[in-house]
Amino acid sequence: MQHGPVVRRRKLGAELRALRATAGITSGEAARLVGWHQSKVSRIETGTSGAKPADVRLLLDAYGVTDPQLRELLLVLAGSEDRGDRQHWSHAYRGVLPPTYRDFISLESQASAMRTLETTVVPGLLQTAEYAREVTRAAVDGLSEEQLDALVEVRLARQDVLNSGTPLRLSAVLDEAVLRREVGGPEVMSCQLRRLIEAGRLPHVRLQVLPFGAGAHIGVTGSFVIFSFSSTSDLDVVVLDHLTSSLYLERKEDLEAYTEAFDALQHHALSPDDTLELIAATAAGA
């Protein structure tokens, strides 16, 4: 269990090492091809040190890697700002975004699928502007109105991943408490519930509510997110949010445990159709 940047370095290094091996090139040969010392290649492959996007491009060229999607994903792990239509906007907000949030946005913008359990609030990708403002105001003390406006803009800009040419596939399980917690007052909550209904009808969004009647469940330990990538499952990662930081889990056994937990939560949750009916009924009484 590591902070995001460490996880990303290790994942990048492991992938580059595998690509080098596939190309039949030793680390010494790779170093000579790009004009480095062998120790630099080793440090990058073990995640001991980071790699600049330019370094990654050199290695990928040396290994004959031409798959544009794989190249783009590895450049994201290296910290490239050139992330296509899904995230070019984020650079303007670097001054107000903490590093862990930037890491999360980076993963979210390049993932092919996202599975999330939310036990307290509506997932950020499905929040209205008014709901996002109230949640952010409550979660972060001492924000000026300008800072609050910027963070709400970021929250809304993140939602473009659901509207791109190849949208993110989102599967969300919400505890019923998310629907019942009145954030921002009745009007804000009513609009937010209607937004959930709209999102739940999208073909790439699967929304399910875990009703109070389900009793205790594995999700009582807290919310989590699982990001999956189409290029390789080795880059999949679990994200756990805490008050002051986010933790990233990448071990195979962690991924399997959280995947099994999410599958179990989906099994006990209402079906997507029944979920939309419950949300509509809740909105009517909000």
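Trainee: How many of the 10 residues of helix α5 (residues 68-77) are buried?

Mentor: First, the basis: this is a predicted model, in which local features need pLDDT of at least 70 and side-chain atom pairs count only at pLDDT 80 or more, while totals for chains, interfaces and linings use all residues. Residues are numbered from 1 along each chain as its sequence is written, and side-chain values use heavy atoms, with hydrogens and water left out. Helices (H or I, at least four residues) and strands (E, at least two) are DSSP runs, numbered from the N terminus. Buried means under 20% relative accessible area, exposed over 50%, and partly exposed in between (1.4 Å probe, protein chains only). In helix α5, seven of the 10 residues are buried, so the helix is largely enclosed by the rest of the structure.

Trainee: Which residues of α5 are buried?

Mentor: They are L70, R71, L73, L74, L75, V76 and L77.

Trainee: How many salt bridges does a search of the whole structure find?

Mentor: A salt bridge is a side-chain nitrogen of Lys or Arg within 4 Å of a carboxyl oxygen of Asp or Glu. The search of the whole structure gives 10. One of them joins the side chains of E45 and R20, at 2.6 Å from N to O. This pair links distant parts of the chain, with E45 in helix α3 (residues 38-46) and R20 in helix α1 (residues 4-22), 25 residues apart.

Trainee: Are E45 and R20 buried or exposed?

Mentor: E45 counts as buried at 7% relative accessibility, and R20 is buried with a relative accessible area of 13%.

Trainee: What is the N to O value for the salt bridge of D55 and K40?

Mentor: Their side chains meet at 3.6 Å. Since D55 belongs to helix α4 (residues 53-62) and K40 to helix α3, the pair ties together parts that are 15 residues apart in sequence. D55 is buried, at 12% relative accessible area, whereas K40 is partly exposed, at 25%.

Trainee: Where do D149 and R133 lie?

Mentor: The side chains of D149 and R133 form a salt bridge of 2.6 Å, N to O. D149 is in helix α8 (residues 145-158) and R133 in helix α7 (residues 129-139), so this pair ties together parts 16 residues apart in sequence. Salt bridges that share partners join R133, R137, E145 and D149 into one network. Within it, D149 is partly exposed at 31% relative accessibility, and R133 is partly exposed with a relative accessible area of 23%.
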